[in-house]
Amino acid sequence: MSDHSTTQASGGSGSDDGARTGTDLVKRGLAEMLSGGVIMDVVDAEQARVAEDAGAVAVMALERVPADIRADGGVARMSDPEMIEGIQATVTIPVMAKARIGHFAEAQILAALDVDYIDESEVLTPADEAHHIDKWAFTVPFVCGATNLGEALRRISEGAALIRSKGEAGTGNIVEAVRHLRSIRGDIRKLTQADAAEQFEWAKRLSAPLPLVQEVASTGRLPVPLFCAGGIATPADAALVMQLGAEAVFVGSGIFKSDDPARRAAAIVEATTNYADASILAKVSRGLGSAMDGIEIDSLDTRLSDRGW
Amino acid sequence: MSLPAPQEVADRPLVGLLAVQGAVERHRDMLEAVGARVREIRQPAHLDGLDGLVLPGGESTTMALLLDRCGIRQPLQDALADGLPTFGTCAGMILLAREILDGRGDQWSFETVDVSVRRNGYGRQSASFETSLVVDGLDGGPFPGVFIRAPLIEAHGPAVRPLATLDGVPVLCEQGPFLLAAFHPELSGDLRLHARWVASLDRPTERLVVPEPTGAE
């Protein structure tokens with residue numbers, strides 16, 4: 001039943017009276033609570049309020065939305081703690097924040113700020129070109145991006161409690177997120193057909209730890225929830241990725257780079273709940289004004305999804 | 001641990017699982033494992049003919065907004081007023097509470113159970129925890145309590161019966177047909193609370209199908 005069973009000390013008949021914080025179950029459990037919801041990128045307290053009013057399950061605090069990071073260039077870093085605290089003081093939903101890949105000092109600062117989730121994110125400029133953060137060392141849970149099953153399992157082996165597709169952030173173009181979701185979900189389906197001997201070869205090919213490969217082969221799902229991020233701009237985009245097997249969606253630039261952020265945000269929330277009901281999707285898609293300007297992937301100078309190893 | 005004996009599908013209790021947002025899949029797995037049929041609730045029509053209802057964990061602000069927008073708030077309120085047996089976990093507990101402290105200013109609840117709850121009363125995610133709970137009348141030893149940004153019951157009325165406490169504060173309680181948990185039995189892998197709750201659903205159905213008075217008025 002529980003896909004946490006292989007990595008989680010079995011709960012229950014404990015003789016320990018104390019409370020245990022930062023366990024796998026507690027970290028992955030918060031991600032489970034966000035299922036069926038929308039996590040929205042916000043750059044200040046006012047946007048956080050708009051997001052919460054629209055029904056966001058959490059907000060992601062960052063200095064600039066990906067579309068602006070892409071346009072501005074330069075090095076993108078962790079946000080100013082003052083801005084994060086301002087958002088925490090404004091909303092009652094979980095507050096996430098981004099750290100650079102491999103930048104464990106930024107992660108330590110975010111943990112000290114008591115954020116609810118840290119996104120070790122390719123949207124920011126990587127700080128380490130070989131190593132990701134050792135996420136087991138933290139009580140606060142981490143989400144990481146992945147483009148394929150091997151990358152997802154490597155992040156989980158480092159302690160990630162939630163995986164999201166990378167997509168191609170800041171483009172308003174869903175094609176990369178679809179590619180990543182299909183790759184991860186498709187390989188999981190194939191892996192469940194592999195016999196014991198073939199699982200060794202899968203582990204080698206995916207460059208992923210064998211025990212995680214064996215676990216996915218037997219359960220048919222990742223050991224942590226799988227969300228979608230990168231390029232969601234419309235209610236239909238959210239419905240598409242939910243039908244492809246995402247359990248929740250992150251929306252970055254798609255909301256606050258559109259004509260009517262409050263209305264679009266609410267529509268994407270409703271579409272994520274009713275992702276399989278086309279008549280509701282038709283209703284909530286009406287009259288939202290212009291979506292963010294999209295970018296063709298082939299025209300990009302920098303592909304953020306290539307960051308991470 | 002013993003599961004209910006196999007029954008004909010139609011005889012198994014039909015449980016509605018609110019699915020506007022939250023940890024729906026976990027509850028479904030548990031409910032089906034203990035012999036219930038499960039129907040996800042996203043529209044008012046989904047409420048017809050239920051034997052019980054589960055309000056799962058999730059974000060209570062989001063769930064409340066979606067209940068309004070999807071037009072299910074009033075039908076659900078009516079079903080609760082009719083005494084539909086309901087199990088609320090975490091955010092589900094907040095939705096059933098008489099009073100919400102530290103919520104958004106405009107946050108409403110069904111005000112069904114006489115408890116006053118503080119949202120995130122145990123703290124932010126870094127304070128989320130696992131611990132063992134002793135549950136009143138539950139065989140098989142302590143129950144694994146998984147608390148995630150959990151609501152804290154600050155006060156409760158006399159009609160509310162605590163079934164498990166932590167540091168003197170109720171974390172599992174019932175009032176008539178309503179069962180509330182501040183923690184997440186659906187994440188624990190332990191089926192006992194779901195099994196006991198689903199088994200308790202048989203009673204009202206039996207009452208309904210045997211209406212003939214037998215003189216005992």
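User: Hey, which helix of chain A is Ala278(A) in?
Analyst: Ala278(A) sits in helix H13, which covers residues 278-284 of chain A. Keep in mind that this is a predicted model.

User: Okay, and is Ala278(A) buried or exposed?
Analyst: Ala278(A) counts as exposed, because its relative accessibility is 57% and the cut-off for exposed is over 50%.

User: How far is Ala278(A) from Val115(A)?
Analyst: Their C-alpha atoms are 36 Å apart, and 163 residues separate the two along the chain.

User: Switching topic: which residues are buried in helix H9 of chain A?
Analyst: In H9, residues 210-219, the buried ones are Leu212(A), Val213(A), Glu215(A), Val216(A) and Ala217(A).

User: And what do the buried residues of H9(A) pack against?
Analyst: Three helices of chain A: H6 (149-157), H7 (175-191) and H8 (196-206). Just past the end of H9(A), Gly220(A) has a positive phi of about 75°.

User: Which residues form the negative surface patch?
Analyst: Glu63(A), Asp80(A), Glu82(A) and Glu85(A) make up that patch. Glu85(A) belongs to helix H4, residues 81-90 of chain A, and is partly exposed at 43% relative accessible area.

User: Now chain B. Where is Thr112(B)?
Analyst: Thr112(B) is in the loop that links strand S5 (97-101) to strand S6 (113-118) of chain B.

User: Is Thr112(B) buried or exposed there?
Analyst: Thr112(B) is buried, because its relative accessibility is 16% and buried means under 20%.

User: What does Thr112(B) touch?
Analyst: Leaving out residues up to four places away in sequence, Thr112(B) touches Leu80(B), Leu96(B), Ala97(B), Gln175(B) and Phe178(B).

Conventions. Residues are numbered from 1 along each chain as its sequence is written. Chains are lettered from A and ligands numbered from 1 in the order in which they are written. This is a predicted model: local features need pLDDT of at least 70, side-chain atom pairs count only at pLDDT 80 or more; totals for chains, interfaces and linings use all residues. Side-chain values use heavy atoms; hydrogens and water are left out. Helices (H or I, at least four residues) and strands (E, at least two) are DSSP runs, numbered from the N terminus. Buried means under 20% relative accessible area, exposed over 50%, partly exposed in between (1.4 Å probe, protein chains only). Contact means heavy atoms within 4.5 Å. Patches are made of residues with over 30% relative accessible area and no salt bridge: like charges are joined within 9 Å, nonpolar side chains (Val, Leu, Ile, Met, Phe, Trp, Tyr) within 5 Å. Accessible areas come from the Shrake-Rupley method with a 1.4 Å probe; for residues, only the protein chains shown count as cover. A salt bridge is a side-chain nitrogen of Lys or Arg within 4 Å of a carboxyl oxygen of Asp or Glu. Lys and Arg count as positive and Asp and Glu as negative; His and the chain ends are not counted. The place of a charge is taken as NZ of Lys, CZ of Arg, CG of Asp or CD of Glu.
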